[in-house]
Amino acid sequence: MTGMSLGELTEDTARSRAILEEGLGVTVNRLAYPYGAENEFVRRTVANVGFQAAVTCNPGISQLGDDPLRLRRIDVPGGCTPGWLLGLV
């Protein structure tokens, strides 16, 4: 996404969103950046297409007040338990 022109990024993101919405029958307004690649240009463009939140590959637990288009996430290994996840907080 970071190497695309404004037109390419807008068209590709809007088309992908429309395909998902048609197939799922629900509004899609969350995004996971492919390979976590994002920058200000990408965040501004996905917001203009209608996305309200997006996750990066930056590790960590997102906090209230974080940019909703630049949310961090945690790695959840196979076999983890709810207790293990709660222990991260």
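**Close-up views of the predicted model**

**View 1. Leu 85 is in contact with Ile 74, Val 76 and Cys 80, its neighbours within four places in sequence being left aside.** Contact here means heavy atoms within 4.5 Å. The model is predicted: local features need pLDDT of at least 70 and side-chain atom pairs count only at pLDDT 80 or more, while totals for chains, interfaces and linings use all residues. Residues are numbered from 1 along each chain as its sequence is written, and side-chain values use heavy atoms, with hydrogens and water left out. Leu 85 belongs to helix α3, residues 82–87. Helices (H or I, at least four residues) and strands (E, at least two) are DSSP runs, numbered from the N terminus. With a relative accessible area of 31%, Leu 85 is partly exposed. The cut-offs are under 20% relative accessible area for buried and over 50% for exposed, with partly exposed in between (1.4 Å probe, protein chains only). From Leu 85 to Ile 74 the C-alpha to C-alpha distance is 9.2 Å, and the two residues are 11 apart in sequence.

**View 2. Gly 83 is another position in helix α3.** Its relative accessibility of 49% places Gly 83 in the partly exposed class. Gln 63 lies 20 residues from Gly 83 along the chain, and the C-alpha atoms of the two are separated by 20 Å.

**View 3. The open sheet holds 3 strands in the order β1-β2-β3, with parallel pairing.** Strand β2 covers residues 53–59 and runs parallel to β1, the two being joined by 3 bridges. Two strands are taken to pair if DSSP finds at least two bridges between them. Within this pairing, Ala 32 stands opposite Val 55 of β2.

**View 4. Thr 56, in strand β2, is shown with the residues around it.** Thr 56 counts as buried because its relative accessibility is 0%. Neighbours within four places in sequence aside, Thr 56 has contacts with Tyr 33, Gly 36, Glu 38, Arg 70, Leu 71, Arg 72 and Arg 73. Leu 88 is 32 residues from Thr 56 in sequence, and the C-alpha to C-alpha distance between them is 19 Å.

**View 5. Tyr 35 sits in the loop between β1 and α2 (40–49).** Tyr 35 has a positive phi of about 60°, although it is not a glycine. Most residues other than glycine have a negative phi. The relative accessible area of Tyr 35 is 81%, so this residue is exposed.

**View 6. Pro 68 lies in the loop that links β2 and β3.** Residues up to four places away in sequence not being counted, Pro 68 touches Gln 52, Ala 53 and Ala 54. Pro 68 is partly exposed, its relative accessible area being 39%. Arg 30 is 38 residues from Pro 68 along the chain, with 9.5 Å between their C-alpha atoms.

**View 7. The whole protein, given for orientation, has 3 helices and 3 strands.** Along the sequence these elements follow the pattern α-β-α-β-β-α. A box of roughly 45 × 30 × 25 Å, taken along the principal axes, is filled by the C-alpha atoms. The protein has 89 residues, of which 21% count as buried. Of the contacts between residues at least 6 apart in sequence, 34% join residues at least 24 apart. The accessible surface is about 6000 Å², and carbon and sulfur atoms account for 57% of it; areas come from the Shrake-Rupley method with a 1.4 Å probe, and for residues only the protein chains shown count as cover. The protein has 8 positive and 10 negative charges, whose mean positions are 5 Å apart. Lys and Arg count as positive and Asp and Glu as negative, with His and the chain ends not counted. Each charge is placed at NZ of Lys, CZ of Arg, CG of Asp or CD of Glu.
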